[in-house]
Amino acid sequence: MAPRSRGATGPAAERELLTAGDVARTVARMAHQVIEKTAIGSADPPVLLGIPTRGAPLAARLAERITEFSDVEIPCGSIDITLYRDDLRHRPPRPLERTQLPDTGVDGRIVVLVDDVLFSGRTVRAALDALREVGRPKAVQLAVLVDRGHRELPIRADYVGKNVPTSRHEEVAVLLAEVDDRDAVLLRAAGERGRR
Amino acid sequence: MKHLLATEGLDAATATQVLDTADGLKRTLLGREVRKLPTLRGRTVITVFYENSTRTRVSFELAGKWMSADVVNVSAGGSSVGKGESLRDTALTLSAAGADCVIIRHPASGAAHRLADWLEGTSTSVINAGDGMHEHPTQALLDAATLRERLGSLDGRRVAIVGDVLHSRVARSNVHLLTALGVEVVIVAPPTLLPAGIDAWPVTVSHELDAELPSVDAVMMLRVQAERMHGGFFPSAREYSISYGLSEGRAALLPDHAVVLHPGPMLRGMEIASSVADAPSAAITEQVRNGVHVRMAVLYHLLAGEEARE
Amino acid sequence: MTKPVMVRGARLYGEGDPVDVLIADGVISRIAAEIEPPAGVELIAAEGQVLLPGFVDLHTHLREPGREDTETVATGSAAAALGGYTAVFAMANTDPVADNAVIVEHVRRAGEAVGLVDVHPVGAVTVGLAGEKLAELGTMAESAAGVRMFSDDGHCVHDPLIMRRALEYSRALGAVIAQHAEEPRLTVGAQAHEGEQAARLGLSGWPASAEESIVARDCILAGHAGSRLHICHVSTEGTVDVLRWAKARGTQVSAEVTPHHLLLTDERLRTYDPVNKVNPPLRTSADATKVAEALAEGVIDCVATDHAPHAVQDKDCEWSAARPGMLGLQTALSIVVSTMVRTGLLGWRDVARVMSERPAEIGRLADQGRPLAEGEPANLALVDPERSWTVRGAELASIAGNTPYEGMELPGVVTATLLRGRITAHSGRISQPGGGD
């Protein structure tokens, strides 16, 4: 399966933004930030919900790191946004992904949504809609591995692994071993306005 | 996929995708207080039923509404034959009025195909909700969903379809879909209720229900319509019931894991004994429940990517 | 007095060297290797094309009176002339039904007024085609229309007693009963040939046995009555066997096959496009092969079009609501070339037999289907066997456009038609009688 991010590219114009080691370090740093910002240890731990495809393994990794650093079990799951997307008309139908909530549920908890790339913000908007259907969190935060800019909605991330200034024509591909056999973040020139 | 007109020609991959989506939808909606997804917000779905069918119409209506589509029901009383507006004009009118999807039930075989032909060049999708004696694809999909759920898998399973195959669109759709999904289908019916040319179907034919039951994973009982009972297709309801009804004694011949299906509405006593219809092996209410999810999945697959399709 | 015409360089029956044929006063006046064209003669350059006797169609629906929105005697006559026909038999299922002298005389006169083709009205066998009471066959036979063929076509004369009486009664009139063989009890709600395709498409079956059982019955009835029977649109292999049997025992039975049953099969039904809906229905390819062989063998006597114009709204609808029938007059020759000549089943002399001579005999037309010889009436069709054409329903002369051959390229082009020495069609154009051309 091709990386979820955005369309076909020639291998020619491809730059590695983060190596496997960078990805690991970045996730670790984000884990520390979450611990600090959500006061883990003194309050109910937050619930991490990854947005499939790559947000889900990312959330699991983040939860693992947090537990490692804080010794607190972090409830973790995934939330599928396919049915909440606003671009259904423009894309071929996609298979539904899994929504898996931890047993704790989300009611009254801090929920951290986890995704690989923050771009237009539309995915996050869809995730907020999807989240509303499954419960009423105390607060919702957002963690992304890469923020590439070009927001189309008033949405910002609470935790950002790396800010990457990009042009609209470029593509950011996050590769994760769970899905893609290796860890990396790539920047690709999609040439003439790729498939988005 | 722009239209769903038949299960004939539907490949296993596409069918499985629809069934998977239906599963996902079922999971998503499970236990929710508000069964509403925003997926088809702003889309208009029109049901046009030239035959009465509360069951199917309601199922489609719920499917559309649970996905936030605007659902409009047009009930076309009686047949369009020779009176009133032609089917073609109705189709063009609904499309022009902004229907993203027209769901049609019609007594003429091929009516949905014709509708799709007339709507060529528009963005309106057509779903066949039963055309004459031809096909009823969403019924077959919901049957497959139910069987898959009960049996775990379909490939290599053996399913008996029993009764009036000649006049049954449900049978035709199931034969195509189930065989595409790797199911071995055996048709059990009196010779008068089998179509000429059934030899070309990828099924085995039997006239003896008792001989087939011990080796099937599921048995699908078809409706016997009242008008057939007086059409001389078999001597009497009693004799039909004796030979082809699923009595309690006969149901006992089924393996323990076997599933009993009926597309409804049931003629209890004649086609199927009440105790069999209400036994745990019967999946008849699940069929109805799955019907909504399967139809949601179909709407999703047809209406997604509409503008990317060209 | 029509202008003399000379067909220059035609091959009679497609045989031998090209010859010149001079036509004057409605008859073939001279045939020779080379004729010096007389002054004022109208020349048709045949350039080696095939000259045949003008075609005779035993089975045409001209729709007048009643459905002039789909065809009239005038438009149907034009289609006939362009198709190489010099005589057509107009079926009785008009509205009102041609079951009396008034209607048949009206149709006959309308045909004469148009003057492009001899229009012979077929009279109904029973009043209103209802199958219950014999129509006044004698009155129609003795009317100005001189009806010699009776048929309830569209409906079967299904009551064996009525059929027996009709056969017996028509004997005294020298007439033939043309039967639309369809046992109605076996075809209730029937929509398509009963077989694999109908089963798949969920269309009620029209079983071959419904045709064959009536053909068998009627052959037996005609045999006992000593009457003439004609079987319309033979469509099944089984009917061929019954006909062979009946002919072998001396029954006076003749039979026709339509071009569409020679070429098309029920494979066509997959689209549910009612342009392919016809009665009897398109059958299997095995049936098509057998009826073609039977035509070659003579078990089936002739080709008849069953030309059946229908309005758009009666065809562009759902299958079961559509009316059965398709256009045929302008495409018949090409379909015969395609299925019978190109396949080697028939030579051109045989084409003359199945499209002109036999139908003229069956319809008792003395001046049609005559030999291509000096002194014979000049009812002629000139055919270019080498050229092909593409069928466009909208370009056909009929008001209706329901041709199943839309967009198909067909071999064989009728280049000229002459009715009693007068050109009725030439190079795809109609020559109106009395017109300047």
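# Briefing on a predicted three-chain model

Along its sequence, chain A runs through the pattern β-α-β-α-β-β-α-β-β-β-α-β, where helices (H or I, at least four residues) and strands (E, at least two) are DSSP runs numbered from the N terminus. With a radius of gyration of 16 Å, close to the 16 Å that the globule rule gives for 196 residues, chain A is as compact as a globular protein of that length; the radius is taken over C-alpha atoms, and the rule is 2.2 Å times the number of residues to the power 0.38. This is a predicted model, in which local features need pLDDT of at least 70 and side-chain atom pairs count only at pLDDT 80 or more, while totals for chains, interfaces and linings use all residues. Residues are numbered from 1 along each chain as its sequence is written, and chains are lettered from A and ligands numbered from 1 in the order in which they are written.

**Chains A and B as folded units**

- Chain A has four helices and eight strands, and its C-alpha trace spans about 50 × 40 × 30 Å along its principal axes.
- Buried residues make up 42% of the 196 residues in chain A; a residue is buried if 20 or more other C-beta atoms lie within 10 Å of its own, exposed if 12 or fewer, and partly exposed in between, with C-beta atoms placed from the backbone.
- Of the contacts in chain A with a separation of 6 or more, 71% are accounted for by residues 24 or more positions apart, two residues being in contact if their C-beta atoms, placed from the backbone, lie within 7 Å.
- Chain B holds 12 helices and nine strands, and its C-alpha trace extends over about 55 × 45 × 35 Å along the principal axes.
- The radius of gyration of chain B is 19 Å, which agrees with the value near 19 Å that a compact globule of 310 residues would have.
- Among the 310 residues of chain B, 52% count as buried, and 80% of the contacts between residues at least 6 apart in sequence join residues at least 24 apart.

**Domains of chain B**

- Chain B is divided into domain 1 (12-135 + 291-308) and domain 2 (137-287), with bounds that come from an automatic or database domain assignment.
- The C-alpha centres of the two domains of chain B lie 26 Å apart, and their contact takes 19 residues from domain 1 and 17 residues from domain 2.
- On the side of domain 1 of chain B that touches domain 2, H1, strand E4 (125-131) and H12 each supply at least two residues.
- That side of domain 1 comprises 10 nonpolar, five polar and four charged residues, where Ala, Val, Leu, Ile, Met, Phe, Trp, Tyr, Cys and Pro count as nonpolar, Asp, Glu, Lys and Arg as charged, and the others, Gly among them, as polar.

**Helix H1 of chain B**

- Helix H1 (residues 12-29) of chain B has 18 residues and reaches 26 Å from its first C-alpha to its last, close to the 26 Å expected, the expected span being 1.5 Å times one less than the number of residues.
- The buried residues of H1(B) include B:Ala15, B:Val18, B:Leu19 and B:Leu25, and what covers the buried residues of this helix includes helix H5 (137-151), helix H6 (169-180) and helix H12 (284-303) of chain B.
- After H1(B) comes B:Gly31, whose phi is positive, near 75 degrees.

**Nonpolar cores**

- The largest nonpolar core has 166 residues, and those with the most contacts inside it are A:Leu62, B:Val102, B:Leu115, B:Val162, B:Val219 and B:Leu299; such a core is a set of buried Ala, Val, Leu, Ile, Met, Phe, Trp, Tyr and Cys residues joined through C-beta atoms within 7 Å.
- H12(B) gives the most to this core, with nine residues, and at least three residues are drawn from each of domain 1 and domain 2 of chain B.
- Leaving aside neighbours within four places in sequence, B:Val102 is in contact with residues including B:Ile46, B:Val48, B:Leu115 and B:Val126.
- Another core lies apart from it, with 134 residues, among them C:Ile103, C:Ile177, C:Leu262 and C:Ala397.

**Contacts between chains**

- Of the two pairs of chains that touch, chains B and C have the most contacts, whereas chain A and chain C do not touch, their nearest C-alpha atoms being 27 Å apart.
- Between chains C and B, 17 residues of chain C are in contact with 23 residues of chain B; helix H5 (residues 196-201) of chain C gives the most to the chain C side, with four residues, and that side divides into eight nonpolar, five polar and four charged residues.
- The contact of chain A with chain B takes 13 residues from chain A and 16 residues from chain B, and the chain A side has seven nonpolar, two polar and four charged residues.
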